[in-house]
Amino acid sequence: MKTVRLADDKKGIATAADILRSDGIVAIPTETVYGLAASAFSNAAIKKVFEAKGRPQDNPLIVHISDIDMIDSVVDGFTDKARALAEEFWPGPLTLVLGKNEKIAESVSVGLDTVAVRMPSNEVARDVIRQAGIPLAAPSANLSGSPSPTSAQHVLCDLDGKIDAVILSDECSVGVESTVVSLACNPPRLLRPGKVTPEELKKHLPDLVIDKAVLSEPQKGEKVASPGMKYKHYSPKTQLFLVEAESDEYTKFVNKFKNALAICFSLDSDKIEIEKLCYGDQDDAEQQAKTIFALLRRADGMNCDKIFVHAPKKSGIGLAVYNRLIRAAAFRVTKPKHIVGLTGPTGAGKSTLKETAKRLGFDVIDCDVTARKATDIAECRRALAKAFGDDILDKQGNLIRQKLAQKAFCSPDKTELLNTVIFPYINALIEEEILLLESDKVLLDAPTLFEAGADRLCDRVCAVLANIEKRKERIISRDGLNETDALLRINAGKPDEYYKQKTQNIIYNDSDEKTFIRLFTEFINGGN
Ligand code: TXA
Ligand code: MG
């Protein structure tokens with residue numbers, strides 16, 4: 001299908017109205033986001049909307065009217081409360097859920113006995129509805145799940161060739177979708193926050209409750225008042241994390257990550273050392289609302305692994321911005337973590353300290369385990385085979401670890417080659433693990449912390465050293481090696497000098513275990 005581009009003038013509006021009257025679908029501007037409009041009286045037209053968007057079948061649509069006389073063809077019983085709200089907020093970004101008039105096509109409300117209705121303030125939108133002479137059902141004009149469209153360009157990115165026409169008009173002035181309030185339940189319920197804030201609504205609806213789904217993830221199987229709120233939504237393709245923190249904490253945390261993008265406030269901007277996009281002042285929620293969806297779309301073109309959005313305040317229209325972002329983040333809200341790196345040569349006693357850190361409330365990432373996980377990644381195995389020869393893989397493409405070890409540990413050059421190939425994969429996995437851990441304190445147990453460059457993730461780093469005799473004894477009893485092999489292993493590692501050059505925090509494990517643990521505890525508790 002060719003999607004016709006229409007101007008937002010008389011002729012364009014008249015053409016759009018004609019298409020809509022004959023059950024076609026047209027993307028129209030509104031003050032919130034672009035909507036994909038269809039006749040609210042026609043199941044056939046509504047079906048096209050669901051298909052073009054790939055919208056889940058259980059998510060009802062909002063009906064748009066141009067003038068108050070149209071309301072009686074949409075709702076069944078326009079209550080006094082509804083009228084008072086309409087008088088104050090219409091035309092504008094407020095949607096009311098009320099009893100449904102039977103004229104409205106069944107598929108608009110996907111079988112519910114209620115209907116959502118609003119009168120947009122955008123003049124082009126209202127002219128289209130007026131000329132079509134019918135109320136128009138219109139969800140946001142994006143592919144389901146992707147960020148809502150705030151410009152005609154966004155609409156075309158998602159839906160070119162899938163819809164009859166688009167009206168090319170200005171960017172949307174509000175930028176987030178309308179506030180949705182249900183008056184069909186008692187007490188009235190805020191289902192989706194938008195520009196019209198709970199504080200404003202409470203003047204008319206003192207008993208208004210805010211639906212749980214506004215700020216938290218609905219549990220599996222839980223019935224939600226507004227079906228749209230249960231989906232992961234508004235998401236760029238890149239993994240997104242919402243970071244709740246003060247500016248300094250936020251910037252310090254995100255700067256640790258490689259290949260990441262910060263979507264930040266103006267006051268963060270100078271402190272950010274990674275790729276960044278600014279979505280306004282921390283106190284200017286209107287600006288944040290206006291820009292956030294466009295930035296989420298832009299973020300996808302920037303080839304980053306992850307996006308860290310500095311979480312907005314939840315007041316005023318900020319609540320709406322937060323509500324969209326928490327969905328874009330699939331409910332991943334992250335607090336900055338204090339990360340301590342623990343390194344040192346084999347046999348020096350790192351495992352004892354790992355246990356100590358756990359007792360002190362640290363989540364521990366064992367980078368040896370992470371390294372094994374890295375070789376489970378097909379792309380990593382292929383890269384290793386390219387470097388060391390196909391015979392390190394069996395017929396199924398699985399890694400033959402022993403073969404790789406033989407080839408990689410036969411000379412320092414080959415070990416270096418192994419590291420060059422595998423470290424990027426290990427680092428990416430470590431970053432992912434850090435972000436998924438619960439605790440705000442993390443210990444990175446990494447024998448090759450410095451070699452891998454993983455020390456950049458750490459706020460503090462310490463190295464454990466011990467004299468060779470003690471290390472030898474430990475390796476023999478721990479790994480069942482003979483003395484010669486234990487010494488070989490020690491000599492294959494880095495000398496103590498290497499660690500001393502890299503960090504001043506050296507913990508010696510030469511006396512009794514109690515002192516060793518005390519020294520580490522003092523270090524780990526000793527600062528930020
Ligand atoms: O600002 C807006 O509201 C935009 C523009 C185009 O007007 N439209 C929009 O539509 O955001 P959509 O489909 O993306 O979101 C409609 C929301 C969904 O969360 C849906 O579940 C809810 O409204 N909704 C619609 N009818 C409902 C009903 N009868 N009961 C409860 N929730 C309803
Ligand atoms: Mg939508």
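Is aspartate 67 buried, exposed or partly exposed? With a relative accessible area of 27%, aspartate 67 is partly exposed, where buried means under 20% relative accessible area, exposed over 50% and partly exposed in between (1.4 Å probe, protein chains only). The model is predicted, so that local features need pLDDT of at least 70 and side-chain atom pairs count only at pLDDT 80 or more, while totals for chains, interfaces and linings use all residues. Residues are numbered from 1 along each chain as its sequence is written, chains are lettered from A and ligands numbered from 1 in the order in which they are written, and side-chain values use heavy atoms, with hydrogens and water left out.

Aspartate 67 forms a salt bridge with arginine 130 (2.9 Å, N to O), a salt bridge being a side-chain nitrogen of Lys or Arg within 4 Å of a carboxyl oxygen of Asp or Glu. This pair links distant parts of the chain, 63 residues apart: aspartate 67 lies in the loop between E4 and helix H3 (80-89), and arginine 130 in helix H4 (residues 123-132). Helices (H or I, at least four residues) and strands (E, at least two) are DSSP runs, numbered from the N terminus. Arginine 130 is likewise partly exposed, at 37% relative accessibility.

The whole structure contains 29 salt bridges. One of them joins the side chains of arginine 5 and aspartate 160 (3.0 Å, N to O). These partners are 155 residues apart, with arginine 5 in strand E1 (residues 4-7) and aspartate 160 in the loop between helix H5 (152-159) and strand E8 (165-168). Arginine 5 has a relative accessible area of 37% and is partly exposed; aspartate 160, at 39%, is also partly exposed. A further salt bridge connects arginine 489 with aspartate 479 (2.9 Å, N to O). Here helix H17 (residues 483-492) contributes arginine 489 and helix H16 (residues 468-479) contributes aspartate 479, ten residues apart. Arginine 489 is partly exposed at 36% relative accessibility, as is aspartate 479 at 32%. Salt bridges with shared partners also join Asp67, Asp127 and Arg130 into one network.

Arginine 381, in helix H13 (residues 378-388), is buried yet has no salt bridge. Aspartate 376 has the nearest side chain of opposite charge, 4.9 Å away; Lys and Arg count as positive and Asp and Glu as negative, whereas His and the chain ends are not counted. The side chain of arginine 381 reaches the backbone oxygen of aspartate 376 at 3.2 Å and that of glycine 397 at 2.8 Å.

Oxygen atoms of ligand 1 lie 2.8 Å from a side-chain N or O atom of arginine 55, 3.0 Å from one of arginine 118 and 3.1 Å from one of serine 140. The protein covers 97% of the 680 Å² of accessible area that ligand 1 has on its own (Shrake-Rupley method, 1.4 Å probe). Glycine 228 occupies the loop between strand E11 (209-210) and strand E12 (239-243) and is buried, with a relative accessible area of 8%.

Technical notes. Polar contact = N/O pair within 3.5 Å; in protein donor to acceptor, adjacent residues only side chain to side chain.
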